[in-house]
Amino acid sequence: MTDTDSSPEGPSGEPQPAFISQSPDRAGTVRTVLSSPGIKFIMIGFISMALLIPTLLVWGLVEERGKRAEEVSARIATGWGGPQILNGPYLAVPFEVNRNQTIDGRIVWQTVTEWALLMPDTLNVDTRLATEERRLSIYTLPVYNAKINVTGRFPPNMTEDLRQIEGKPDLDRAMLVMSIADITGIRSDAGVRIDGGALMPFDPGMKAISSAVPGNFDKYSSPVRLDGGVNRPIGRTLVENGFTFAIDLSLNGSGSFAIAPAGQTTRFSAEANWPHPGFEGLFLPEEKTIDDHGFSAKWTIPYLARGVDRVVTGPVMPLANSLMTVNMVEPVKFYQVVARTLKYSIGFFSVVFLAVFIIELKSARKVHWVQYVLTGLALVVFYVLLLALAEHTGFEIAYVLASFATAGLISTYVGSVTGSVRRGVVLALVLATAYAIMYLILREDEYALLAGALISFVTIAATMFSTRKVDWSGMSKTG
């Protein structure tokens, strides 16, 4: 037998396949392909997607801490006073009306009491809010004491309006009612002066009258009732002739203060020593001034703008969704801002990984995929660090500290792995730029999409340019 047709024999004397002698070359080829830039690029993509799992866990942590902050804020408000909403005053007049209903198949007529609510001809509300921050543990809540002066006039033609309503009015049981969202915040003996006379104190509650909690409700859903408020009986003579009124209140509250435009013409002015107001509701102020010491604002709501008649029937006050609202906005609600930073996490991971990948291509040393994972975990820990620091220092300081710490850690690590201080400095600059741009995006909501699109374009363009001569298959080294 010649050398060309001989085959190695195994321990049993049987010939072994000749291709085994080629397995080291094939194994080397497989290792080359697996270590090629193309496969490494795909692996980095999988790592980026896998990092979304710990990122979602961080998101859950942010939501949990945010709910905890809300619970603590509610505890502070319970001891001081919650968000306050004033609706009224209205003149509530009961009517005796005959109504029928079917009982055991029979139609039975009964006399029932229904209500009509008359609105003042003019309503002026002047409010001064003395604000401060109350702290419980690491959480704070802006609270205020509101000095409120309410004046207005009920016209003398109210009895003519009442004639349009079915039933017989009982003017002797008429009363003045005003809804207050959280009556535990009242800090004075509230009363009303009729036609400039002596102070007549209010009684607690609004009898059969209630207000609706602001929200999304319509004719197909029942509004949630708000029964807190005050009332004062008003005699027949005042209903027939009309009267002026003046009410002074000292009211504690927190978070926000709102007024319903209960007058046919309503004028509302508010001023406070809080420099971060937020104006919301159906009506926004006509005039406002905001500086470092506080703000002042004025509203004027005419009769036609309200879209509600001056007399309404039923026991529920109208205009619950037509408010003029001032929010005592905290400078940064960092839980929402941290949650927003998490929305950009996948893009941020991609930018950093692409930077590390390009540095690896320019370096003689390779970055193992485990080192990419560790770099990604450092990026995830940034959000935890940001959240923890923000609860103690505020968002801006926390963002600076967390970003500097993370950028320093990652750039030092990658510089050590690649054996180049210069490449570590380059990565530090990339990270600092990325964190700065993300901060600007968080500050300017209107330009977030545009900025994100431009950053994505620049990133992919820089990657394409830097890797245009890369042998993605890695086979040229084996040729």
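This is a predicted model: local features need pLDDT of at least 70, side-chain atom pairs count only at pLDDT 80 or more; totals for chains, interfaces and linings use all residues.
## Basis of the model

Local features require pLDDT of at least 70 and side-chain atom pairs pLDDT 80 or more, whereas totals for chains, interfaces and linings use all residues. Numbering starts from 1 along each chain as its sequence is written, and side-chain values use heavy atoms, with hydrogens and water left out.

## Nonpolar surface patch

M43, W369, V370, L374 and L377 form a nonpolar surface patch of about 420 Å² (residues with over 30% relative accessible area and no salt bridge, nonpolar side chains being joined within 5 Å). Helix 9 (residues 369–393) contributes four residues, the largest share of the patch; helices are DSSP runs of H or I with at least four residues.

L377 belongs to helix 9. Its relative accessible area of 38% makes L377 partly exposed, a class lying between buried (under 20%) and exposed (over 50%), with a 1.4 Å probe and protein chains only.

Two cavities of 30 Å³ or more are present (sets of points on a 1 Å grid where a 1.4 Å probe fits but cannot get out; lining residues have an atom within 4 Å of a point). Strand 1 (84–103) and strand 10 (211–212) each provide at least two of the lining residues, strands being DSSP runs of E with at least two residues.

The second largest cavity has a volume of about 30 Å³. Its lining includes D161, Q264 and R310, and by class holds five nonpolar, one polar and two charged residues.

Definitions and conventions. Patches are made of residues with over 30% relative accessible area and no salt bridge: like charges are joined within 9 Å, nonpolar side chains (Val, Leu, Ile, Met, Phe, Trp, Tyr) within 5 Å. Accessible areas come from the Shrake-Rupley method with a 1.4 Å probe; for residues, only the protein chains shown count as cover. A salt bridge is a side-chain nitrogen of Lys or Arg within 4 Å of a carboxyl oxygen of Asp or Glu. On a 1 Å grid over the protein atoms alone, a cavity is a set of points where a 1.4 Å probe fits but cannot get out, and a pocket is an open set with protein on both sides within 12 Å along at least five of seven lines; lining residues have an atom within 4 Å of a point. Grid points are joined across faces, edges and corners, and a volume is the space filled by probe spheres set on the points. Ala, Val, Leu, Ile, Met, Phe, Trp, Tyr, Cys and Pro count as nonpolar, Asp, Glu, Lys and Arg as charged, and the others, Gly among them, as polar.
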